[in-house]
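Dear colleague,

I am passing on the structure below, together with some notes on what came out of going through it. Please read the notes with the coordinates open beside you.

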Amino acid sequence: MSVSVKNVGEAGRGLVALKDIKNGELIVRDTAVIAIPANVDVWEAGEEIMRQIKKMSSSEKEDFYNLTKKDGIHQLCNDLMEEASGDTKRLSKAQKIAKFCDEISIFFNNDIATDDSFRCLFLYFVNSQPLM
């Protein structure tokens with residue numbers, strides 16, 4: 001294989017070339033376990049992410065929930081709940097977001113934007129042991 005997973009500092013793990021890669025050379029082929037349109041924002045994505053998680057195999061779900069979470073999403077969820085108190089419409093939206101906060105946080109910390117205007121999560125390298 002011409003690539004490997006390596007620890008890349010604060011960013012976590014990353015895909016790193018082990019040799020020169022020619023323009024257009026296929027380096028990895030994988031199928032996304034979650035794909036959502038790029039125009040769906042973090043606050044609207046929870047239900048769709050969860051719908052696609054439910055279709056995953058048990059091992060894919062385990063791999064997904066072992067991924068890193070985006071810093072700050074949980075605090076934003078908590079802040080939204082506090083600010084929405086008393087406003088039924090805002091509270092309903094905040095509760096929906098809070099319900100899927102873990103899934104939203106994991107997806108948006110590990111997704112990749114694709115050429116066809118989707119944000120996708122691939123699990124191909126999740127179980128790869130990073131090289132130091």
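The buried residues of helix H1 are covered by elements that include strand E3 (34-37), helix H2 (58-65) and helix H5. Please bear in mind throughout that this is a predicted model. The residues of H1 that are buried are Gly46, Ile49, Met50, Gln52 and Ile53. Viewed down the axis of H1, these buried residues fall within an arc of 165°, so they line one face of the helix.

Helix H1, which spans residues 46-53, packs against helix H5, residues 101-110, at an angle of about 85°, and the two axes are 9 Å apart. Since angles of 65 to 115 degrees count as roughly perpendicular, H1 and H5 are therefore described as roughly perpendicular to each other. On the H1 side the contact is made by Gly46, Ile49, Met50 and Ile53, and on the H5 side these meet Glu103, Ile104, Phe107 and Phe108.

In one of them, phenylalanine 64 and tyrosine 65 are arranged edge-to-face, with 5.1 Å from centre to centre and 85° between the planes. Phenylalanine 64 has a relative accessibility of 0% and therefore counts as buried, whereas tyrosine 65, with a relative accessible area of 35%, is partly exposed. Phenylalanine 107 and phenylalanine 108 form a pair whose ring centres lie 5.0 Å apart and whose planes stand at 90°, so this pair is edge-to-face. Both phenylalanine 107 and phenylalanine 108 are buried, and both belong to the H5 side of the contact with H1 described above.

What does leucine 121 touch, once its neighbours within four places in sequence are left aside? Its contacts are Ala32, Val33, Ile34, Phe64, Leu67, Phe107, Asn110 and Asp111, a list that includes Phe64 of the one aromatic pair and Phe107 of the other. Leucine 121 lies in strand E5, residues 118-121, and with 0% relative accessibility it counts as buried. For orientation, the C-alpha atoms of leucine 121 and glutamate 62, which are 59 residues apart along the chain, are separated by 14 Å.

Serine 117 sits in the loop between strand E4 (112-113) and strand E5, and its phi is near 65°, a positive value in a residue other than glycine. Most residues other than glycine have a negative phi.

Finally, some notes on the protein as a whole. Its secondary structure comes to five helices and five strands, and from the N terminus on the elements run β-β-β-α-α-α-α-α-β-β. Taken along the principal axes, the C-alpha atoms fill a box of roughly 60 × 30 × 30 Å. Of the 132 residues in the protein, 29% are buried. Among the contacts between residues at least 6 apart in sequence, 59% join residues that are at least 24 apart.

Note on methods: Residues are numbered from 1 along each chain as its sequence is written. This is a predicted model: local features need pLDDT of at least 70, side-chain atom pairs count only at pLDDT 80 or more; totals for chains, interfaces and linings use all residues. Side-chain values use heavy atoms; hydrogens and water are left out. Axes are lines fitted to C-alpha atoms, for helices over the stretch in contact, and angles run from 0 to 180 degrees between N-to-C directions. Helices (H or I, at least four residues) and strands (E, at least two) are DSSP runs, numbered from the N terminus. Angles under 35 degrees count as roughly parallel, over 145 as roughly antiparallel, 65 to 115 as roughly perpendicular and the rest as oblique. Contact means heavy atoms within 4.5 Å. Rings of Phe, Tyr and Trp (its six-membered ring) pair if their centres lie within 6.5 Å; planes under 30 degrees apart count as stacked, over 60 as edge-to-face and the rest as tilted. Buried means under 20% relative accessible area, exposed over 50%, partly exposed in between (1.4 Å probe, protein chains only). The arc is that of the directions from the helix axis to the C-beta atoms.
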